[in-house]
Amino acid sequence: MTQDYPNEAPLSGMGEPPLEIVRSKSGAWLHQFANPGRFQRFVQPIIPWLSGVALVLTVVGLVWGFYFAPPDWQQGVTARIMDVHVPAAWVAMNGYAALAICSLLSIVWRHPLADIAAREIGPVGAGFTALCLITGSLWGRPDWGTYWVWDARLTSVLILLFLYLGHIALLRAFDNPQHGYRAAAILGLVGAINLPIIVFSVYWWNSLHQGNSISLTGPSKIYITMLLPLLVCTVAFYLAFLAMVLARISSFIMETKARSLLLAAAEGGRS
Amino acid sequence: MMTRKARRLWIVVVCGIFASTATALMLVAFRSSLSYFLSPQEVLVKHPRPGEMFRLGGVVQVGTVVMSHRDGKPFTRFRITDGQASIPVVFTGILPDLFRQGQGVVTIGSMARQGGVFRADTVLAKHGASYMPADVEQALRASGKWNPKFGPAPNAATWDNKTPQQIAAAKG
């Protein structure tokens with residue numbers, strides 16, 4: 001009953017699956033995406049489109065938000081930073097949620113693509129988290145009067161950045177990559193506890209950071225002409241995140257393939 | 001008999017429950033130190049010793065702001081309220097741009113030896129979650145629906161997608 005993948009098998013054959021893998025029926029729907037060759041055929045054509053649309057929407061959203069949307073009555077032009085800050089924060093958190101799901105897939109189902117996805121989500125998510133922290137800091141100085149305070153929201157997002165950085169480091173810290181994937185997956189899952197803390201931090205405790213302006217249930221507390229560019233930027237940032245992660249996964253698969261070909265060639269030459 | 005997958009899933013679920021419970025207990029235990037500031041009501045209950053640094057937060061009480069100069073520096077007196085209690089605050093220095101009556105603020109400092117006055121070393125402005133252009137704010141003010149002095153913006157559904165003219169027209 002080998003329902004798990006052998007450690008090296010899934011990456012060794014890029015085109016057709018090289019060996020017949022015994023699969024349990026329950027996991028079949030999940031494992032049909034585990035074949036790197038199929039993944040490559042599926043995402044390679046998508047990546048340029050995703051990147052293009054993300055770039056266009058980012059430019060549209062930022063130009064709209066920074067030049068055409070009206071300034072806030074009280075904060076003036078500094079409120080425009082939200083067009084970068086808020087989407088970056090959302091992507092940072094949902095990126096970590098995606099990383100946690102990959103960790104679960106990795107630990108329980110030993111899904112090889114989930115390992116690679118977790119590996120490649122890390123740096124991109126860390127980048128968006130850093131962007132969120134930097135823009136928030138630049139926004140805080142003129143409006144709050146400080147770059148940084150240790151309130152619950154700011155601190156929990158800083159912890160999110162450290163979780164990303166820890167995940168990046170841990171995943172690459174082992175000679176046997178499988179050990180790195182296992183250890184990082186545990187960190188990824190444990191770190192997910194931080195996500196609800198970030199979301200509810202501004203309600204559970206007194207904080208300098210204000211509460212949510214946008215909720216799924218109530219009306220938006222942002223005036224419509226300021227909200228629309230923010231939503232465009234949000235879509236743009238999510239697409240950019242997806243494009244970057246898929247491109248990184250794709251190039252990692254190719255890198256692995258190239259390395260195994262070189263290794264095979266070298267071994268062939270020796271014999 | 002459990003498959004290995006099912007067993008791993010159960011281990012993850014059980015560990016998740018334990019880890020979440022541990023975190024929740026920790027957060028509850030450290031609740032007081034996780035709050036960034038004390039409200040005036042909490043200050044009256046806790047009675048911090050004079051000279052002990054803490055953060056006092058709330059709303060700048062309307063009609064209490066007195067600005068002057070002392071030794072060539074701006075000197076401000078105001079009261080911070082949470083609706084239940086209010087504490088007098090003195091501050092020497094430049095206030096943040098967003099400081100005004102009715103605005104949320106967090107001040108860092110300590111109680112003076114006498115008079116129950118809070119000496120602030122730093123004043124930080126806390127703003128609400130509402131964002132609107134100046135003409136929308138003016139229209140809300142003109143219609144009598146909102147005066148920023150007296151609290152947070154009204155229900156967002158009444159203004160977040162209406163033109164200033166529509167807002168001004170809907171009196172009351």
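1. A contact here means C-beta atoms, placed from the backbone, that lie within 7 Å. Bear in mind that this is a predicted model, where local features need pLDDT of at least 70, side-chain atom pairs count only at pLDDT 80 or more, and totals for chains, interfaces and linings use all residues. Residues are numbered from 1 along each chain as its sequence is written, and chains are lettered from A in the order in which they are written.

2. Chain A is built with ten helices and zero strands; these are DSSP runs, H or I of at least four residues for helices and E of at least two for strands, numbered from the N terminus. Of its 271 residues, 42% are buried, that is, with 20 or more other C-beta atoms within 10 Å of their own, C-beta atoms being placed from the backbone.

3. On confidence (pLDDT, the predictor's own, from 0 to 100), chain A averages 88, and 87% of the residues score at least 70.

4. Now the interface. Chain A puts 38 residues into the contact and chain B 36. On the chain B side, α1 (4–29), β6 (118–126) and α4 (134–142) each supply at least two residues, with α1(B) giving the most, eight.

Key. Contact = placed C-beta atoms within 7 Å. Buried ≥ 20, exposed ≤ 12 C-beta atoms within 10 Å, placed from the backbone.
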